[in-house]
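Hello,

Here is the structure I promised to pass on to you. Please have a look at it, and then read on for what turned up.

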Amino acid sequence: MNIYIEKENKQLELDKECTGLELLKELKINPTTVLLVNNNEVVLPEEKLSKDSNIKILSVVSGG
Amino acid sequence: MKCHKCDQKAVYKNQGLLLCKNHFLDYFEAKVFKTIKKYKMFSNEDTVCIAASGGKDSLAVLYMTSQYCKKYNINHFALAIDEGIAGYRDHTIEDLKEFCERYDIRLEIISFKEKFGSTLDQVREKALKEYNKKPCTVCGILRRTYLNRYALKLNATKLVTGHNLDDESQSFLMNTLLGNMRHNASLGPITGLTTNDKFVPRVKPLYFISEQETRLFCLLKEFKVDFTECPNIGLSFRANVRDQLNEIENKFPGAKNGMVNAFLEILPTLKEKYKETKPFSYCEKCGEPCTGKVCNACLLEEQLVVRKI
């Protein structure tokens, strides 16, 4: 799956299937601080993500 | 996972509640309107000034307050403070201008450069090196002062801010860690300990809304928001407390909400204990209410501005 982490402006690829929560755990990202978007649709972290998912991890934290 | 109210796919989950896009937007509006009504934040006798920065909280509160004011025929306008933080505020101000045009909201912009004589970027180093003042301290004092000063000049009777559940739980914890219960007494959905003709009362319609809910709302409404972090945030005590609280929220979902509701139970006692009984003193320079001879904003001007325009 393709992953874009907004806060770090970082792109990466993972060859696996997992839930959003498992992905965030692997990336050491607190799920309360982000929203997940899969193929331009908001998804809950509990949902399964397939190998061909295009994931955006959007930060919810205030600017200042 | 399906929405609890219809067959659509859920985009929001909060302690067992699952909502689709449309039901989440309804829930968000109902929650904000309920807060405005419960705390009698403003009525059609008010002129409401909405503090706006162009960030997600400010756009959400601006949109919701404007919707509420249009529904109940209440005078309102947006007021933005441009601190002069390159690569950050210049972007958000542009987004804000577009937004206000799109939703037909009157917008007033006040800049540090014009009113204070320097941008925040220009005084940042001097404040830190010579006066040990972090940029967030300088920015906070000046923003608070200018919002009040220009809201008053523009005849506002209420000042709406985008403070949310995260901000409030952070402020409560920061004040508590510092042992400063007087500052906690000034928090709450309607801020301040006393009334004065020179203070515009501040109200927080997003008081029970989390940052995650606000970002989801902005995303689903397709608001154009710049999500760049302020470059100065890394230096602040608040950023540290924010990260710790987010860790707690992850381990104990609902913790921030619980903390703010617990705080609201003790708030009347705090307000009573710390209510101002002494007559106000006024700043020798600008004439606004303050605790010393000169207010913090005028003091900063004296210390930091090389050439006042």
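This is a predicted model: local features need pLDDT of at least 70, side-chain atom pairs count only at pLDDT 80 or more; totals for chains, interfaces and linings use all residues.

Let me start where the two chains meet. Across the interface of chain B and chain A there are eight residue pairs in polar contact, with both residues of each pair at pLDDT 80 or more.

Which parts of chain B supply at least two residues each to the side that touches chain A? They are β1 (12-14), α2 (56-71), α9 and α10 (237-251) of chain B. The most comes from α9(B), which gives six residues. Sorted by kind, the residues on this side of chain B are 12 nonpolar, four polar and 10 charged.

On chain B, 26 residues are in contact with 22 residues of chain A. Together the two chains bury about 2,000 Å², and 55% of that is on carbon and sulfur atoms. Three residues, Lys9(B), Gln212(B) and Arg215(B), supply 27% of the area that chain B buries against chain A, more than any other three.

Now to the charged pairs. The whole structure has 22 salt bridges over all chains, and four salt bridges are found across the interface of chain B and chain A. In one salt bridge, the side chain of Arg215(B) meets that of Glu6(A) at 2.8 Å, N to O. In another, Lys13(B) and Glu46(A) meet through their side chains at 3.0 Å, N to O. Lys13(B) sits in strand β1 of chain B and Glu46(A) in the loop between β5 and β6 (48-49) of chain A, so this pair joins two chains.

Next, have a look at the sheet in chain A. Its five strands form an open sheet with mixed pairing, in the order β2-β1-β7-β4-β5. The edges are taken by β2 (10-13) and β5 (41-43) of chain A; each has a single partner strand, so one side of each is left without a neighbour in the sheet. From one strand to the next, the twist averages 30°.

Within this sheet, β4 (residues 34-38) of chain A and β5(A) run antiparallel and are joined by three bridges. Here Asn38(A) stands opposite Glu41(A) in β5(A).

Note on methods:
Residues are numbered from 1 along each chain as its sequence is written. Chains are lettered from A and ligands numbered from 1 in the order in which they are written. Side-chain values use heavy atoms; hydrogens and water are left out. Two strands pair if DSSP finds at least two bridges between them. Helices (H or I, at least four residues) and strands (E, at least two) are DSSP runs, numbered from the N terminus. Axes are lines fitted to C-alpha atoms, for helices over the stretch in contact, and angles run from 0 to 180 degrees between N-to-C directions. Contact means heavy atoms within 4.5 Å. Buried area is the accessible area (1.4 Å probe) that two parts lose on being put together, summed over both. A polar contact is a pair of N or O atoms within 3.5 Å; within protein, one must be able to donate a hydrogen and the other to accept it, and residues adjacent in sequence count only if both atoms are side-chain atoms. Ala, Val, Leu, Ile, Met, Phe, Trp, Tyr, Cys and Pro count as nonpolar, Asp, Glu, Lys and Arg as charged, and the others, Gly among them, as polar.
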